[in-house]
Amino acid sequence: MDNAMQPEDTPELRRLYQGFKDNHLNPLWTQIGDLMPVHPRPKAVAHVWKWSELYPLAKESGDLVPVGRGGERRAIGLANPGLGGEAYISPTLWCAIQYLGPRETAPEHRHSQNAFRFVVEGEGVWTVVNGDPVRMSRGDFLLTPGWCFHGHHNDTDHPMAWIDGLDIPFSFQNDVGFFEFGADRVTDYATPRFSRGERLWCHPGLRPLSQLENTTASPIGAYRWEFTDAALTQQLLLEDEGHPATYAQGHAAVRYVNPTTGGDVMPTIRAEFHRLREGTETQTRREVGSTVFQVFEGSGAVVMNGETRTLEKGDIFVIPSWVAWSLQAETQFDLFRFSDAPIMERLHFGRSMIEGGE
């Protein structure tokens with residue numbers, strides 16, 4: 001800037017700056033450009049992790065690394081290349097591939113951080129959340145809200161892998177984390193088809209009169225693929241019939257919600273599922289906050305900051321704050337999405353822009 005607030009370099013000014021340093025001070029006029037940019041300039045970078053590379057590494061870890069106290073989980077965090085080696089996929093979100101071998105049990109614990117699991121393939125594992133066994137199967141979205149005891153057990157002779165998402169970076173940065181060990185095993189080894197939470201809550205349009213108080217996180221432990229798939233299918237069928245049912249032309253989408261409030265499933269994480277018809281291309285958009293996608297089925301591409309990356313089943317990619325992005329579907333393209341949107345919106349930082357307007 002012309003006439004920028006920069007004083008002449010003098011011995012007196014150097015002494016002043018040394019005094020600032022000695023007293024742990026930083027003058028605003030030397031750093032304003034980094035503190036208050038004209039738009040977000042994230043250190044995190046747009047990046048794609050290929051499932052074809054992730055899964056073999058997870059499998060090898062299953063052969064070499066036991067599950068038990070200390071490590072607690074055989075979970076491999078996706079480290080954004082722009083964040084200096086931290087196992088953070090973005091400044092607010094954590095994403096990992098977790099691998100559980102045949103007949104293995106991950107012991108119970110609980111923590112302040114909110115968590116979920118999404119299963120791209122496989123079945124045979126139950127996650128036990130506050131004593132309620134919840135089946136994990138392909139396409140299921142499963143919740144472990146903060147401070148709920150949880151452990152996992154594999155009831156089969158085959159391994160299983162899934163992705164975990166948590167708000168660990170946000171919690172760590174803001175010093176809100178607590179952790180507590182639970183049972184060395186899990187509190188219930190039952191393998192019901194539906195959890196008690198599902199049996200109570202998962203009846204369309206109906207709410208139990210015994211549960212009229214709103215809850216911070218959703219009381220539903222598992223959002224089943226059969227219902228997600230049916231909802232997306234019906235949106236596209238309605239579009240074929242000429243009714244306004246889809247998010248955009250050829251683009252069906254749903255948001256997982258807390259049935260007690262109609263809002264997001266957890267206070268820090270939003271989760272959605274998107275289905276694009278073959279040949280569909282979305283508009284280019286920018287959003288404040290971080291978004292992560294995993295390809296559930298099909299093939300296509302994501303364009304991030306003008307760079308096109310091809311995608312196939314299982315691939316995971318992150319879109320940092322205000323990075324321009326769009327999707328292209330080569331086949332029918334199914335994608336799971338999670339983001340930190342509840343944080344951004346609740347703090348009134350949320351902003352989005354579609355190419356050509358806001």
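How many residues does α1 have, and how far does α1 reach from its first C-alpha to its last? In this predicted model, α1 has twelve residues and reaches 16 Å, which is close to the 16 Å expected at 1.5 Å a residue. An α-helix has 3.6 residues a turn, so residues three or four places apart point the same way.

Just after α1 comes His24, with a positive phi of about 60 degrees. Most residues other than glycine have a negative phi. His24 lies in the loop between α1, residues 11-22, and α2, residues 32-35. Its relative accessibility is 76%, and because exposed means over 50%, His24 counts as exposed. Asp175 also has a positive phi without being a glycine, here near 55 degrees. The loop that holds Asp175 runs between α4 (168-173) and β11 (179-181). Asp175 counts as exposed because its relative accessibility is 70%.

The next part is strand β3, residues 94-100. Seven of its seven residues are buried. In a regular strand the side chains alternate between the two faces of the sheet. On one side of β3 are Trp94, Ala96, Gln98 and Leu100, on the other are Cys95, Ile97 and Tyr99, and all of these are buried. Both faces of β3 are therefore covered, where buried means under 20% relative accessible area.

Strands of a sheet pair through backbone hydrogen bonds, either parallel or antiparallel. Strand β2 (residues 75-77) is joined to β3 by three bridges, and the two run antiparallel. In this pair Gly77 stands opposite Ala96 of β3. β3 also pairs with strand β10 (residues 160-166) in the antiparallel sense, over seven bridges. There, Ile97 has Ile163 of β10 as its bridge partner.

β10 leads on to strand β5, residues 115-118. Four bridges join β5 to β10, and these strands run antiparallel. Phe116 stands opposite Gly165 in β10. β5 pairs with strand β8 (residues 141-144) as well, again in the antiparallel sense and over four bridges. Here Arg117 is opposite Leu142 of β8. Both faces of β5 are covered: Ala115 and Arg117 are buried on one side, and Phe116 and Phe118 are buried on the other.

The loop between β2 and β3 contains Pro81. Beyond its neighbours within four places in sequence, Pro81 is in contact with Val45, His47 and Trp49. Pro81 and Glu355 are 274 residues apart in sequence, and their C-alpha atoms are 27 Å apart in space.

Trp49 also has a place in a sheet. Six strands form an open sheet in the order β1-β19-β16-β21-β14-β13, with antiparallel pairing. β1 (47-49) and β13 (251-255) stand at its edges; each has a single partner strand, so one side of each is left without a neighbour in the sheet. From one strand to the next, the twist averages 20 degrees. The partner of β1 is strand β19 (residues 316-319), joined to β1 by three bridges in an antiparallel arrangement. Trp49 stands opposite Ile316 in β19. Helix α6 (residues 225-240) packs on this sheet and touches β13, β14 (270-276), β16 (291-297) and β21 (333-339). The direction of α6 makes about 140 degrees with that of β13.

Another open sheet has five strands in the order β7-β6-β9-β4-β11, and the pairing is antiparallel. At its edges are β7 (132-137) and β11, each with a single partner strand, so one side of each has no neighbour in the sheet. Neighbouring strands are turned by 25 degrees against each other on average, direction ignored. Within this sheet, β6 (residues 123-129) and β9 (residues 150-154) run antiparallel and are joined by five bridges. Thr127 stands opposite His152 in β9.

The last topic is empty space. Rolling a probe the size of a water molecule over the atoms shows where empty space is left. The structure holds one cavity of 30 Å³ or more. The largest cavity has a volume of about 40 Å³. Its lining includes Arg286, Glu287, Gly289, Thr291 and Ile319. Pro320, Trp322, Val323 and Trp325 also line the largest cavity.

Notes: Residues are numbered from 1 along each chain as its sequence is written. This is a predicted model: local features need pLDDT of at least 70, side-chain atom pairs count only at pLDDT 80 or more; totals for chains, interfaces and linings use all residues. Side-chain values use heavy atoms; hydrogens and water are left out. Buried means under 20% relative accessible area, exposed over 50%, partly exposed in between (1.4 Å probe, protein chains only). Two strands pair if DSSP finds at least two bridges between them. The expected span of a helix is 1.5 Å times one less than its number of residues. Axes are lines fitted to C-alpha atoms, for helices over the stretch in contact, and angles run from 0 to 180 degrees between N-to-C directions. Contact means heavy atoms within 4.5 Å. On a 1 Å grid over the protein atoms alone, a cavity is a set of points where a 1.4 Å probe fits but cannot get out, and a pocket is an open set with protein on both sides within 12 Å along at least five of seven lines; lining residues have an atom within 4 Å of a point. Grid points are joined across faces, edges and corners, and a volume is the space filled by probe spheres set on the points.
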